[in-house]
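User: Please go through this structure with me. I will ask as we go.
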Amino acid sequence: MKRKTSLPEISDAAFRLFREKGYDNVSVMDICHEVGITKPTFYKFATSKDALLSQFYRGADETVRQEMATLDLAGEYIEEIWAGTSCIMKRSQSLGHDLYSHYVIRCLRSHTHPNTAGHELQTDIEAAILKAQESGQIRNLSDPRKIWLSLTNLFLGIGCQWAFGAGEEDVLRACRHGFMITLRPAVQVTEF
């Protein structure tokens with residue numbers, strides 16, 4: 001009888017190996033051995049190990065949107081914006097600087113921005129920025145889309161610095177600091 005395999009099982013095994021051995025030291029065959037599948041089975045679920053890396057980042061949007069909805073109901077717009085804009089860096093920190101650097105390189109090769117969110121998440125973040133402006137929680141009254149773009153570019157720069165520095169910096173603390181400078185909160189908010 002054939003054993004059932006799933007994309008989450010393959011992804012979990014791949015990320016376990018990536019963390020243990022480093023991204024460049026793991027082949028598709030290594031992942032197949034870890035899961036107990038053949039290469040053709042692997043390719044039924046993923047086009048490459050790079051595709052697994054991108055899938056890991058895309059998979060966060062719905063969870064983050066739920067967290068943001070809870071914060072929105074509470075009127076905690078600054079924390080709602082933080083939840084939406086920091087989700088990629090939080091995932092990056094959990095993966096480590098090596099995998100983040102590979103993810104950024106993959107995005108650059110495909111001409112996509114590594115720190116952008118899906119369309120619905122981006123819309124939610126921009127709406128939260130507008131609510132924060134209207135409620136007086138932040139003093140930066142620039143166009144919400146421009147603020148969102150500024151934050152994604154800021155986080156990309158900090159993330160690259162973190163990756164180039166081999167993870168020596170506390171990437172989330174640096175992002176939170178830049179986040180606060182960009183938004184200019186009108187209320188007392190903890191940095192970390």
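User: Phe15: buried or exposed?
Analyst: Phe15 is buried, as its relative accessible area is 5%. Buried means under 20% relative accessible area, exposed over 50%, and partly exposed in between, with a 1.4 Å probe and protein chains only. This is a predicted model, in which local features need pLDDT of at least 70 and side-chain atom pairs count only at pLDDT 80 or more, while totals for chains, interfaces and linings use all residues. Residues are numbered from 1 along each chain as its sequence is written, and side-chain values use heavy atoms, leaving out hydrogens and water.

User: And Phe18? Where does it lie relative to Phe15?
Analyst: Phe18 is buried at 2% relative accessibility. Both residues belong to helix H1 (residues 7–21), 3 residues apart, or about one turn of the helix. Helices are DSSP runs (H or I, at least four residues), numbered from the N terminus.

User: How many aromatic pairs are there, overall?
Analyst: The whole structure contains 6 aromatic pairs. Rings of Phe, Tyr and Trp (its six-membered ring) pair if their centres lie within 6.5 Å; planes under 30 degrees apart are stacked, over 60 edge-to-face, and the rest tilted.

User: Why does the pair Phe15 and Phe18 count as edge-to-face?
Analyst: The planes of the two rings stand at 90°, with centres 5.4 Å apart, so the pair is edge-to-face. Together with Tyr23, Phe15 and Phe18 form one aromatic cluster.

User: What sits over the ring of Tyr23?
Analyst: The charged end of Lys49 does, 4.3 Å from the ring centre. The criterion is NZ of Lys or CZ of Arg within 6 Å of the ring centre and within 35 degrees of the ring normal. Arg176 likewise places its charged end over the ring of Trp82, 5.0 Å from the centre.

User: New topic: which residues of H5 are buried?
Analyst: They are Asp61, Val64, Met68, Leu71 and Asp72.

User: What do the buried ones pack against?
Analyst: The buried residues of H5 pack against helix H4 (49–58), H6 and helix H8 (119–134), where contact means heavy atoms within 4.5 Å.

User: And what follows H5?
Analyst: Gly75 follows H5, with a positive phi near 75°.

Key. Helix = DSSP H or I, 4+ residues; strand = E, 2+ residues; numbered from the N terminus.
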